[in-house]
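Keep the viewer open and follow the points in order.

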Amino acid sequence: MTILFGKIRIMPRRPGLLSIRLWTLLATGFFLAVSPAWAVRPDQIPNMFVPASTPAHEVYYLALFALTITGAIFVVVESLLIYAVVKYRARKNDPEHEPAQVYGSAQVELAWTVIPVIIVIVLFLTTARIIFAIQDAPEPHAALNVTVVGHQFWWEFRYPKLGIVTANELHIPISSQQHPEPTYLKLLSADVDHSFWVPQLGGKTDLIPNHPNEMWMDPETAGLYYGQCAQFCGVEHAKMLLRVYVDTPRQFAAWVRNQEQPAVDDPSVAAGRHIFETEACANCHTITGTTAHGTYGPDLTHLMSRATIAAGAAANTPENLRVWIKNPDVFKPGAHMPAMQLSDEQINQVVAYLTTLH
Amino acid sequence: MADQTLPIPSSTQIPRAGTAAFMEWLHGWVVTVDHKKLGILYVVYSLFFLVVAGTEALCIRIQLIIPNNHFVTPEVYNELFTMHGTTMVFLVGMPILFGFATYLAPLMVGARDMAFPRLNALSFWLTAFGGILLYFSFIGGFGLYGMGSAPDVGWFAYAPLTAKAFTPGHNTDYWALSLIVMGFGTLGAAINIIATTLSMRCKGMTLFRMPLFVWLMLVTSILTLVTITPLTAAQVMLLIDRYLGGHFFDATAGGAPIIWIHFFWIFGHPEVYVLVLPVFGIASEIIPVFSRKAIFGYSAMVAATVAIMFISLSVWAHHMFTVGMTSVSNAFFALATMVIAVPTGIKIFNWLATMWGGRICFDTPMLFAVAFVFQFVIAGLTGIMLAVAPWDWQLHNSYFVIAHFHYVLVGAIVFNIFAAIYYWHPKVTGRMLDETLGKWHFWLFLIGFHITFDPMHVVGILGMPRSIYTYEANRGWNSLNMVISIGAFIQGIAVLIFVWNLIRSHKHGKIASNDPWDAWTLEWATPSPPPAYNFAVDPVVRSRRPLWDIKHPNDPDWKYEQ
């Protein structure tokens, strides 16, 4: 089996052996059948058994291997239990007698000690191989670096080589066989513990203050992948959602070009910009090319390039922006964004300004 | 022999009327140092909080029954799951198991009381006041702001979320202080059990003739002494950080939040074994009696227990595969965790071998014990899956983990707690619990348990993280969550039947004989309920099953035991 003897490479994967394929099919079929997964678009389910990147694939095959072993143990032990319960149950017309008393047997004890030891050794060696392969994979030269900073309750993404800062929606390129370009994440926290988890792209890694972590992924299919914070981080932990857009090289280049531009400066919405710069907005948010340099909240320079606001709690529409500025509790009670106490006219002007920030 | 009474005047013999009688009765319970009364207090206290924390779980499940539900606010939801976890571990699991031991250990080793009766009382009341302190946070928690609120930082309370900056007010202080207070209670109980088993055994009761339940409690108590200490240390550090300007966990001043995670799980993982070893003991008493056979491989069971104790001290970081340890550390803790499956497997096989060739009677205690074995196999296997560190990177903090540890805590521990109550209730109260209600309780609880916790594995694999007060409607988690919530309510109904059974049998239960199950350990040699002095004459034993020897004088155990 590849899982035991194969060698991990970041790119590409050899198609698995037939047995692994079969298991994949069976397991996926099982989990899709017992879940309502088929009822919604499949890419919205962050199913760890539909992997889309090398670490996720390796974990998936390892999981199937572990499931096979534990499944076999399950069948054997539970069958013995059920057999004993049925066969040796007291029957009504049994004569009242005590069965033969057996106190133990050294040979039998030895057997059911040694066999599990062998199973543990096999499982451990397989596990260790995957641990080292994923965790200690050397970072290739072409890798894209992204620094992820966890905040209560949103994600900050910084691309140090590209000078881009964005929030909540991570864009990374596809990593193909011809052009391997894995993404290496550096994980930091600005406040409490968080955890970065997009199941289809790989396991989770925690963001812990004063304890920088790393993880990598090399997605092979373009599309939108869902995840969310997986370490309880306070009131709105549930709404610290995470979107990863895996872009084709052309899409990614276009996205980078747009993000590298300074903020759009449209004179027709100068009133909104003035309010943004002079009211409390500027204390927490940054918009490049303005006097707003706050870093407590998400960077809004290219706000309209994102599909959601409030870390995925609401769609990014002018109406939702209005509600969010007026009363954030509607979408996310407990978020650190305050109700801005602006007049409706001011809010309309600010929203008009924000909606120009493509 | 045991039916003789000594001419000691007792307050119950003096008739009193009305309030005076009630005060007398109450006073008797408050000042008691009798291990049996204290054992009952422990169990009643824990059952009360079992219902409380169960209700909290039901509120959680109502909130999650549909996506974007507004049954409770996020703040209340976070309090609910924090209090549910803390209560179930510290106010239900530990006190009820130490309560069983407080009641049974002296009887089982043929002693008249625990080694330190007053320490015994102190331990119970510390535990009780710790629990009351924790629940007082609902009134006093938030402090000066005029309204109370319970702790809301999760039951493992990861720093720095517990820092003053992130949780102002006093609810986290109630959490920390009550755990320290309960910790001292637990330490006292553990010391007492160790002293009792080591020094109070009756004539002929060598260590290797002790009932397995007593062995398991001895090992549990030693483990408790080791594990409560880091928890208390962590709580003290937390309070120093919060009030005395310490920086243990304050990253802004060079502290390391990861230290808390280590301290908590150095306590927290062995804690799982503190909870599960006693129920191994309960199963090891019940399965032989209802299979009508001696326990298979007694010494292997003891050896496996001691092995589990030692190995369990070296597996804590399997809760930390995602915090960014080195690959070597990850591999070490994966191995240590997998190794613990070996002694655990030995235990399961020994229970199977005990049933093998027996004549199994399915009274309610045995039903719960057999379901325990069935479910514990699954819990162990999902535990092995979680020990596969790379897979744990996916499964950690997902509902798969919730499913796994509820399989242990409910499927193994609560099932055995019920088994123990059905089994020893006649001894403790002198009345049998109703078998028909017991069977209803068992089957409803079994069905509810599986409807609740089996789908949780799947929803975890579909990416649902724990501790979230609501979830997106388009993630494919909706119907599974609805099923889980329905299952929770079926369990709730089953527990109501159980409570009704307890109340009903108090007045109307069938009178129990001294030995209703035809069992073999010393507690069944006393009247039901046992008198204050337990044994009128100190018993003398020659084997692990003294009552078997009396019942089968031609075929006694001591001729055959290895």
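1. Which residues have the most contacts inside the largest nonpolar core, and how many residues does that core have? Please keep in mind that this is a predicted model. The largest nonpolar core has 265 residues. Those with the most contacts inside it are A:Phe196, B:Phe90, B:Phe100, B:Trp260, B:Phe280, B:Trp351 and B:Trp391. The element that gives the most to this core is helix α13 of chain B, residues 399-429, with 20 residues. Another core lies apart from it and has 28 residues, including A:Ala263, A:Cys281, A:Ala282 and A:Val350.

2. Next, the meeting of the two chains. Chain A brings 88 residues to the contact, and chain B brings 104 residues. Between chain A and chain B an area of about 8300 Å² is buried, and carbon and sulfur atoms give 68% of that. On the side of chain A, the residues that lose the most area to chain B are A:Tyr88, A:Tyr103 and A:Phe232, which together make up 10% of what that side buries.

3. How many salt bridges are counted between chain A and chain B? The count is 1 salt bridge. B:Arg292 forms a salt bridge with A:Glu98, and their closest N and O atoms are 2.7 Å apart. As for polar contacts, 28 residue pairs are found across the interface of chain A and chain B, with both residues at pLDDT 80 or more.

4. Here is what makes up the side of chain A that touches chain B. The elements of chain A that give two or more residues to that side are α2 (18-34), α3 (54-87), α4 (106-135), β7 (205-207) and β9 (223-228). The largest share, 16 residues, comes from α3(A). Sorted by class, this side of chain A has 52 nonpolar, 23 polar and 13 charged residues.

5. Now some backbone details worth a look. Most peptide bonds are trans, and most residues other than glycine have a negative phi. The bond from A:Gln152 to A:Phe153 is cis, with omega near 0 degrees. You will find A:Phe153 in the loop between β1 (144-151) and β2 (154-159) of chain A. In chain B, the peptide bond from B:Ser528 to B:Pro529 is cis, with omega near -10 degrees. B:Pro529 sits in the loop between α15 (478-508) and α16 (546-551) of chain B.

6. A:Ala311 has a positive phi of about 55 degrees and lies in the loop between β11 (308-309) and β12 (314-315) of chain A. B:Asp518 has a positive phi near 55 degrees, and its place is in the loop between α15 and α16 of chain B. Are these residues buried or exposed? A:Ala311 counts as buried because its relative accessibility is 2%, under the 20% cut-off. B:Asp518 is partly exposed, because its relative accessible area of 32% falls between 20% and 50%.

7. Finally, a residue inside chain B. B:Thr227 lies in helix α6 of chain B, residues 212-243. B:Thr227 is buried, with a relative accessible area of 1%. Leaving out residues up to four places away in sequence, B:Thr227 touches B:Ile266, B:Phe267, B:Pro270, B:Val274 and B:Leu313.

Notes
Residues numbered from 1 in each chain as written. Chains lettered and ligands numbered in written order. Predicted model: local features only at pLDDT ≥ 70, side-chain atom pairs only at ≥ 80, totals over all residues. Heavy atoms only, no water. Core = buried A, V, L, I, M, F, W, Y, C linked by side-chain atoms within 4.5 Å. Buried < 20%, exposed > 50% of the residue type's maximum accessible area, 1.4 Å probe, protein only. Helix = DSSP H or I, 4+ residues; strand = E, 2+ residues; numbered from the N terminus. Contact = heavy atoms within 4.5 Å. Buried area = accessible area lost by both parts, 1.4 Å probe. Salt bridge = Lys/Arg side-chain N within 4 Å of Asp/Glu carboxyl O. Polar contact = N/O pair within 3.5 Å; in protein donor to acceptor, adjacent residues only side chain to side chain. Nonpolar A, V, L, I, M, F, W, Y, C, P; charged D, E, K, R; others polar.
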